[in-house]
Amino acid sequence: MRRPRRRRGGWPPPRAGTLDLACPAPTALPGYSFTLTLTGAWEELPSPRPHHSPDAAAADHALTTARTITADYFATDAVPAAARINTVLGRPTELPTLPIRLLWGHVHLTAEPGAIQAAYSHKQHLHDHQQRHTEHTRRLDEAHTLRDTLMSDPSLALSYWFATAPQTIDTSTLIRLEDLFAQTAAYAPQGQWAPLARLLHTFAASLTDDAKNHLIDTLAALTDRYGYPDITTAIQALRTPPAAHPKPPGRINGSGTQPSSHT
């Protein structure tokens with residue numbers, strides 16, 4: 001826009017104009033955008049140092065305001081995004097540090113079908129993620145409740161273990177369990193698993209080494225799963241070491257004797 005020549009003895013008359021342009025505007029989903037159509041009006045304020053392109057400055061201010069707002073909205077939310085922008089641009093605003101006033105601005109937003117579908121898919125993904133998080137939290141709370149219950153009573157802990165490993169139960173299991181429960185009741189365990197591990201070692205004395213180690217490993221895994229590594233170590237210390245296998249005889253040399261060792 002051509003500016004009138006400066007008059008002698010005063011400032012040039014202030015200019016005024018309108019805005020009418022269109023450009024892309026970002027959405028909350030990277031890679032997808034709105035189509036933004038902006039209309040508005042501006043005027044220049046009297047100043048000894050007028051701006052060279054007041055129309056560009058007014059457009060930049062309005063577009064920056066609008067695009068900052070659209071970046072928080074999905075393509076499916078063109079109507080509320082435009083309402084928010086027009087609320088801000090609908091009143092006269094003096095541009096910071098510039099002798100220009102934006103009298104008003106109005107924005108219209110549209111989005112391509114692909115951007116709208118991507119927004120719907122993203123929202124569904126967020127919903128599914130939230131549902132999974134809620135379900136995970138619920139299961140974690142249930143696991144914590146189960147842990148606290150099992151740690152409060154060794155009888156419940158043993159019952160839980162045998163319920164998850166029924167193949168270890170034989171005809172004498174119930175009798176031995178009753179004896180074991182009577183002994184563990186005197187310990188008032190309150191989460192003290194080491195004494196219980198010793199009782200389990202006695203309880204499993206009549207079992208094979210493999211069965212006894214399986215019992216100890218299972219209880220150790222249970223305490224480790226719920227955050228008691230020191231108790232786990234105490235239980236694992238009760239495992240029966242595997243039987244040592246005899247070493248094969250050394251190779252016979254040509255003289256019929258085994259080779260002598262050298263130090």
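**View 1. The pairing of β1 with β2.** In this predicted model, β1 and β2 run antiparallel and are joined by 11 bridges, where strands are DSSP runs of E of at least two residues, numbered from the N terminus, and two strands pair if DSSP finds at least two bridges between them. A22 has T37 in β2 as its bridge partner, and in the hairpin, with 6 residues between the strands, G31 adopts a positive phi near 95°. Residues are numbered from 1 along each chain as its sequence is written. Local features need pLDDT of at least 70 and side-chain atom pairs count only at pLDDT 80 or more, whereas totals for chains, interfaces and linings use all residues, and side-chain values use heavy atoms, with hydrogens and water left out.

**View 2. The pairing of β2 with β4.** These strands also pair in the antiparallel sense, over 11 bridges, and F34 is placed opposite A111 in β4.

**View 3. The largest nonpolar core.** Such a core is a set of buried (under 20% relative accessible area, 1.4 Å probe, protein chains only) Ala, Val, Leu, Ile, Met, Phe, Trp, Tyr and Cys residues joined through side-chain atoms within 4.5 Å. Among its 24 residues, L36, L38, V107 and L109 touch the most other members, and the largest share, 7 residues, is supplied by α1.

**View 4. The surroundings of R15.** R15, in the segment before β1 (16-26), counts as buried because its relative accessibility is 7%. A polar atom of the R15 side chain lies 2.7 Å from the backbone oxygen of H51.

Notes. Helix = DSSP H or I, 4+ residues; strand = E, 2+ residues; numbered from the N terminus. Buried < 20%, exposed > 50% of the residue type's maximum accessible area, 1.4 Å probe, protein only. Polar contact = N/O pair within 3.5 Å; in protein donor to acceptor, adjacent residues only side chain to side chain.
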